[in-house]
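Biologist: Hi! Could you walk me through this one?
Modeller: Happy to. Here it is.

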Amino acid sequence: MKQNIVNIALVVKDYDEAIDFYVNKLGFELIEDTYQPEQDKRWVVVAPPNSHGTALLLARASTPEQQKFIGDQAGGRVFLFLNTDDFWRDYERMKSIGIQFIREPQEQDYGMVAVFEDLYGNRWDLLQLNPDHPMAKR
């Protein structure tokens, strides 16, 4: 059997401002942006450059209940993990364009890591896993 997680929904306030952040600041690729008139919403998918795994579905909050979770989808914990092949290149680039890091880089048993926030306050790990880490071998 073969299965994989295709998308993770990330609740956003506005499609265009979210696309701007993820594509123009983080450097993600815009995979799809399709209007769905029957539901008056867009299907917006972004993914890190040159990745072939899970992508983000940028889902605009459509109810007051959903709006409460914008920027806090994981209750203040790190929600998403962005692995890179060059930690310091990406860290320095992100800092230079104003990405807010709330935990500075640290060497851990599993590799280098720093925590940043997206445009809404969701927390992310920027990390470079050591080559012998089980996830780096996948």
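Biologist: Great. How many helices and strands are there in the protein?
Modeller: First, a word of caution: this is a predicted model. The protein has three helices and eight strands.

Biologist: And in what order do the elements run from the N terminus?
Modeller: They go β-α-β-β-β-α-β-α-β-β-β.

Biologist: Let's look at the strands. How many bridges join β2 to β3?
Modeller: Seven, and the two strands run antiparallel. Strand β2 covers residues 29–36, and β3 covers residues 41–47.

Biologist: Which residue in β3 stands opposite Tyr 35?
Modeller: That would be Arg 42.

Biologist: What do β2 and β3 form, and how many residues are between them?
Modeller: They make a hairpin, with four residues between the strands. Asp 40 sits in that turn and has a positive phi of about 50°.

Biologist: Which way does β4 run relative to β3, parallel or antiparallel?
Modeller: Antiparallel, with three bridges joining β3 to β4, which is residues 55–60. Val 44 has Leu 58 in β4 as its bridge partner. That gives β3 pairings with β2 and with β4.

Biologist: How many residues are between β6 and β7 in their hairpin?
Modeller: Two.

Biologist: Which residue in β7 is the bridge partner of Gln 100?
Modeller: Glu 117.

Biologist: Switching topic: what radius of gyration does the protein have?
Modeller: It has 16 Å. A compact globule with 138 residues would have a value near 14 Å, so the two agree. Along its principal axes, the C-alpha trace spans about 50 × 40 × 25 Å.

Biologist: What share of the residues is buried?
Modeller: Buried residues account for 34% of the 138.

Biologist: What about contacts, how many join residues at least 24 apart?
Modeller: Taking contacts between residues at least 6 apart in sequence, 50% join residues at least 24 apart.

Biologist: Last one, on charges. How many are positive and how many negative?
Modeller: There are 15 positive and 22 negative charges, and their mean positions are 3 Å apart.

Biologist: Thanks, that helps!

How values were computed:
Residues are numbered from 1 along each chain as its sequence is written. This is a predicted model: local features need pLDDT of at least 70, side-chain atom pairs count only at pLDDT 80 or more; totals for chains, interfaces and linings use all residues. Side-chain values use heavy atoms; hydrogens and water are left out. The radius of gyration is taken over C-alpha atoms; the globule rule is 2.2 Å times the number of residues to the power 0.38. Buried means under 20% relative accessible area, exposed over 50%, partly exposed in between (1.4 Å probe, protein chains only). Contact means heavy atoms within 4.5 Å. Lys and Arg count as positive and Asp and Glu as negative; His and the chain ends are not counted. The place of a charge is taken as NZ of Lys, CZ of Arg, CG of Asp or CD of Glu. Two strands pair if DSSP finds at least two bridges between them.
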